[in-house]
Amino acid sequence: MRLSDERYEEIKEEVVELYKELHITKFPVIAMDVCKQLDIVLKSYNQFNERAFVAVIRASEDGMVAKIDNHYEIFYNPSKDSARVRFTIFHEIGHIRLHHLIHDEENEAEANFFASYFLAPAPLIHYFNLEYIHEVMDKFWVTISLATNAFSRYGKWLKYSGNFYTQYEKELLELVKEENT
Ligand SMILES: [Zn+2]
């Protein structure tokens with residue numbers, strides 16, 4: 001599902017807000033550290049007993065998020081490969097940060113975009129001079145499908161934004177330059 005251009009911009013701004021809040025300057029970003037900083041408890045599906053395990057797998061093959069008392073818990077399926085598990089965790093963080101209350105197609109598309117922009121934002125593909133999809137995969141520890149999408153978005157970004165950087169892009173680059181010059 002395609003979101004509006006305006007919404008994509010808002011989500012990118014949200015991602016950069018999170019980068020600033022957590023002072024993210026090193027790559028690949030460690031999902032476990034991000035969860036710790038945000039007070040999110042990370043749990044594997046393996047902790048469920050067999051019956052509960054079957055129920056959660058049916059509800060979501062990759063992962064889910066729940067608010068328990070005053071904190072969030074993210075559950076993930078550890079039998080998926082590690083790059084996919086990372087994507088799932090950031091997808092669930094997207095649901096939290098974008099204040100999603102329901103699980104519909106639009107919110108799924110938003111959380112997916114949040115995770116892919118968080119993991120491999122176009123300005124950083126540019127900053128690190130990544131020229132091939134496999135370089136994007138290695139730098140950011142993402143799946144081939146995410147790297148392919150991020151790379152194609154990067155191509156459009158290069159073509160259309162030229163030398164113009166939005167405020168959030170400038171902020172993202174400032175932050176990352178601190179440790180990567
Ligand atoms: Zn979701």
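What is the handedness of the crossing of α7 and α8? The crossing of α7 and α8 is right-handed; a crossing counts as right-handed if the near helix is turned clockwise from the far one by less than a right angle, and as left-handed if anticlockwise.

The structure is a predicted model, in which local features need pLDDT of at least 70 and side-chain atom pairs count only at pLDDT 80 or more, while totals for chains, interfaces and linings use all residues. Residues are numbered from 1 along each chain as its sequence is written.

**Annotated region**

An unreviewed UniProt entry lists residues 57–143 as "domain: IrrE N-terminal-like". UniProt positions follow the numbering used here, feature names are shortened, and annotations may be inferred rather than shown by experiment. Over residues 57–143 the chain is 55% helix and 14% strand, with the end C-alpha atoms 21 Å apart. Helices (H or I, at least four residues) and strands (E, at least two) are DSSP runs, numbered from the N terminus.

**The sheet**

Three strands make up an open sheet of mixed pairing, in the order β1-β3-β2; two strands pair if DSSP finds at least two bridges between them. β1 (41–44) and β2 (63–68) stand at the edges with a single partner strand each, so one side of each is left without a neighbour in the sheet. From one strand to the next, the twist averages 25°. β1 and strand β3 (residues 71–76) run parallel and are joined by four bridges, and K43 stands opposite F75 in β3. Helix α4 packs on the sheet, where α4 touches β2 and β3 and its direction makes about 40° with that of β2.

β2 and β3 run antiparallel and are joined by six bridges; K67 has Y72 of β3 as its bridge partner. The hairpin of β2 and β3 has two residues between the strands, and D69 there takes a positive phi near 55°.

**Helix packing**

Two packed helices are described by the angle between their axes and the distance between the axes. Axes are lines fitted to C-alpha atoms, for helices over the stretch in contact, and angles run from 0 to 180 degrees between N-to-C directions.

| Helix pair | Angle | Axes |
|---|---|---|
| α4 (residues 82–97) and α5 (residues 105–119) | about 120° | 8 Å apart |
| α1 (residues 5–22) and α9 (residues 167–177) | roughly 25° | within 10 Å |
| α7 (residues 133–140) and α8 (residues 144–161) | roughly 115° | within 9 Å |

The angle of about 120° between α4 and α5 makes α4 oblique to α5. Angles under 35 degrees count as roughly parallel, over 145 as roughly antiparallel, 65 to 115 as roughly perpendicular and the rest as oblique. The crossing of α4 and α5 is right-handed. Residues of α4 in the contact include F87, F90 and H91, and those of α5 include F114, F118 and L119; residues are in contact if their C-beta atoms, placed from the backbone, lie within 7 Å. The contact of α4 with α5 has seven nonpolar, five polar and two charged residues. Here Ala, Val, Leu, Ile, Met, Phe, Trp, Tyr, Cys and Pro count as nonpolar, Asp, Glu, Lys and Arg as charged, and the others, Gly among them, as polar.

α1 and α9 are roughly parallel to each other, and their crossing is left-handed. K12, E13, V16, Y19 and K20 of α1 meet Y168, E171, L172 and L175 of α9, a contact with five nonpolar, no polar and four charged residues.

Between α7 and α8, the contact is made by I133, V136 and M137 of α7 and I144, A147, T148, A150 and F151 of α8. By class, seven of these residues are nonpolar, one is polar and none is charged.

Key
Two residues are in contact if their C-beta atoms, placed from the backbone, lie within 7 Å.
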